[in-house]
Amino acid sequence: MASILKQTYSQRAANHTNPAAKALLETIERKRSNLCVSVDVTQKADFLRIIDVVGPYICLVKTHVDVIEDFDYSLVEQLQELSVKHDFQIFEDRKFADIGNTVALQYSSGVYKIAQWSHITNAHPVPGPSIITGLSSVGLPLGRGLLLLAEMSTKGSLAVGSYTEEAVRMARANRDFVIGFIAQRRMDGIGLRDGESSVGEDFLVLTPGVGLDVKGDGMGQQYRTPREVVLESGCDVIIVGRGIYGKDNGANPEAVRAQAERYREEGWKAYQERIGSTA
Ligand code: BMP
């Protein structure tokens with residue numbers, strides 16, 4: 001079996017039993033896109049317009065649903081309709097970080113009911129394994145998947161060294177629900193104890209902090225190119241926000257479409273180069 005880095009997304013889909021991981025890998029292959037768009041805008045109309053424009057070019061939409069000022073549940077229904085229309089998965093970037101009982105409530109209930117509609121969500125490993133117990137009690141029966149934030153893209157991030165290693169160990173112990181990481185590089189082999197092996201292990205790595213035109217945002221964000229992320233660091237999905245919808249909340253749909261196409265192409269080229277194929 002070829003190393004994970006050389007396998008196609010569809011070969012890897014066969015390695016996964018979690019339905020959210022499988023569906024994401026299959027979507028990537030079907031649409032020839034490893035691009036996730038992060039839609040961080042505050043108005044429902046901007047949010048839906050951007051997603052309808054970028055839909056054909058993406059495998060995944062990443063949301064911060066709590067920044068939307070005119071949120072109501074019809075937004076979720078429209079998002080779900082767009083996900084069917086354009087064939088993409090949904091990832092609410094909730095970054096859960098509390099005790100198991102609290103995160104289970106935050107995930108299932110409240111205004112947003114994230115578990116009802118988000119195929120994938122994420123959590124900080126800071127509370128320890130009980131955060132996974134809490135979230136999986138809600139998400140696993142619904143076929144959802146969880147990403148752990150093993151690293152962050154920001155300058156001065158504390159998610160390094162033994163923290164990152166412990167995050168990977170937590171994931172290894174919960175492979176039915178933890179499908180991968182938010183990280184800046186592949187995590188294979190990280191945090192292995194004596195006698196353990198990571199052969200056959202396949203965690204997805206989704207990577208924010210991706211931009212082609214600027215290196216940062218003046219607020220600690222650091223950008224790398226799709227080539228650096230996918231080819232050099234072995235990550236699987238590039239997450240791009242402002243690089244696609246710009247500074248004006250995506251007011252010019254043609255500009256948004258062109259950027260989505262550009263990032264899709266760059267991300268896919270880097271993947272093809274990584275696996276050594278142009279097919
Ligand atoms: P942008 O491409 O506009 O910088 O947006 C990046 C997105 O990814 C934001 O939604 C942010 O919350 C998220 N993110 C990040 O930038 N770095 C991380 O380490 C983890 C994130 O979730």
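Predicted model: local features only at pLDDT ≥ 70, side-chain atom pairs only at ≥ 80, totals over all residues.
Colleague: How are helices α3 and α4 oriented to each other, roughly parallel or roughly perpendicular?

Modeller: The axes of α3, residues 44-54, and α4, residues 73-86, come within 10 Å and cross at roughly 5°. Angles under 35 degrees count as roughly parallel, and α3 and α4 are therefore roughly parallel.

Colleague: How many residues of the contact of α3 with α4 are nonpolar?

Modeller: On the α3 side the contact is made by Lys44, Phe47, Leu48, Ile51 and Asp52, while α4 brings in residues including Leu75, Leu79 and Leu82. Besides 3 polar and 3 charged residues, the contact of α3 with α4 has a nonpolar share, and the number of nonpolar residues is 6.

Colleague: What percentage of the ligand's accessible area does the protein cover?

Modeller: The ligand is surrounded by 15 residues, with Asp40, Lys62, Lys95, Ser153 and Tyr223 as the closest. An oxygen atom of the ligand lies 2.6 Å from a side-chain N or O atom of Asp40, an oxygen atom of the ligand is 2.9 Å from a side-chain N or O atom of His64, and a polar side-chain atom of Tyr223 is 2.6 Å from an oxygen atom of the ligand. Of the 480 Å² of accessible area that the ligand has on its own, the protein covers 90%.

Colleague: Which residue's side chain makes a polar contact with the side chain of Arg169?

Modeller: Arg169 belongs to helix α8, residues 161-172, and, leaving aside neighbours within four places in sequence, Arg169 is in contact with Gly191 and Arg193. The polar contact between side chains, at 2.6 Å, joins Arg169 to Glu166.

Methods
Residues numbered from 1 in each chain as written. Heavy atoms only, no water. Axes fitted to C-alpha atoms, helices over the stretch in contact; angles between N-to-C directions. Helix = DSSP H or I, 4+ residues; strand = E, 2+ residues; numbered from the N terminus. Parallel < 35°, antiparallel > 145°, perpendicular 65-115°, else oblique. Contact = heavy atoms within 4.5 Å. Nonpolar A, V, L, I, M, F, W, Y, C, P; charged D, E, K, R; others polar. Near = heavy atom within 4 Å. Polar contact = N/O pair within 3.5 Å; in protein donor to acceptor, adjacent residues only side chain to side chain. Areas by Shrake-Rupley, 256 points an atom, 1.4 Å probe, with all protein chains shown as cover.
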